[in-house]
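Please look over the sequence and the structure before reading on.

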Amino acid sequence: MMTSVDTDLIRVLADPLRLQIVTLLARETLCTTHLVEETGAKQTNLSNHLRVLREAGVVDTEPCGRFTYYKLRPEVIESLAGSLATLASTARVSQAADIKRACP
């Protein structure tokens, strides 16, 4: 069953730039400067998206001198993937059993 947390996380990841950030962070831990270079986004725009990802629990920060590094929290993505896999499995069972509600 999809929870409100899953729904919120889907909304967070639905933004193309945030999804691009998450994809980059899946490969390596990066600072804002790296992410600006990789995405071509303005630093202020990128910082706003990183704040949303941080507040949603998708990324963690790691201070390093005057820079802040961001790293992906894979367990959050795995949890969402598990919920989506359960949803797909439920649909397969329902369709195989030809479960449908009769119209009134």
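Which side chains meet in a salt bridge at 3.4 Å, N to O? They are the side chains of E62 and K71. The structure is a predicted model, in which local features need a pLDDT of at least 70, side-chain atom pairs count only at pLDDT 80 or more, and totals for chains, interfaces and linings use all residues. Residues are numbered from 1 along each chain as its sequence is written, and side-chain values use heavy atoms, with hydrogens and water left out.

**Confidence**

- The protein chain has a mean pLDDT of 93, and 98% of its residues reach 70 or more; pLDDT is the predictor's confidence in each residue, from 0 to 100.
- Confidence in the chain is lowest in α1, with a mean of 89, and highest in helix α2 (residues 16–27), with a mean of 98.
- Helices (H or I, at least four residues) and strands (E, at least two) are DSSP runs, numbered from the N terminus.

**Nonpolar core**

- The largest nonpolar core contains 20 residues, and I21, L25, L35, L46, L53, V58 and V59 have the most contacts inside it.
- Two or more residues of this core come from each of α1, α2, α4 (43–55), β3 (67–72) and α5 (74–96), and the largest share, five residues, belongs to α2.
- Such a core is a set of buried Ala, Val, Leu, Ile, Met, Phe, Trp, Tyr and Cys residues joined through side-chain atoms within 4.5 Å.
- Beyond its neighbours within four places in sequence, L35 is in contact (heavy atoms within 4.5 Å) with residues including I21, L24, L25 and L46.

**Residue T32**

- T32 lies in helix α3 (residues 32–39).
- T32 counts as buried because its relative accessible area is 14%; buried means under 20%, exposed over 50%, and partly exposed in between (1.4 Å probe, protein chains only).
- Apart from neighbours within four places in sequence, the contacts of T32 are Q43, L46, S47, L50, T68 and Y70.

**Salt bridges**

- The whole structure holds five salt bridges, each defined as a side-chain nitrogen of Lys or Arg within 4 Å of a carboxyl oxygen of Asp or Glu.
- In the pair that opened this briefing, E62 is partly exposed at 35% relative accessibility, and K71 is partly exposed at 33%.
- R51 and E55 form another salt bridge, at 3.5 Å from N to O; because they are four residues apart in helix α4, about one helical turn separates them.
- R51 is partly exposed at 34%, whereas E55 is exposed at 59%.
- R73 forms a salt bridge with D60, their closest N and O atoms being 3.7 Å apart.
- This pair links distant parts of the chain, 13 residues apart: R73 is in the loop between β3 and α5, and D60 is in strand β2 (residues 59–64).
- A network of salt bridges links D60, R73 and E75.

**Surface and backbone**

- I10, L84 and L87 make a nonpolar surface patch of about 240 Å².
- Patches consist of residues with over 30% relative accessible area and no salt bridge, like charges being joined within 9 Å and nonpolar side chains (Val, Leu, Ile, Met, Phe, Trp, Tyr) within 5 Å; accessible areas come from the Shrake-Rupley method with a 1.4 Å probe, and for residues only the protein chains shown count as cover.
- I10 is located in helix α1 (residues 4–14) and is partly exposed at 35% relative accessibility.
- Most residues other than glycine have a negative phi.
- D98 is not a glycine, yet D98 has a positive phi of about 50°; D98 lies in the segment after α5 and is exposed, with a relative accessible area of 54%.
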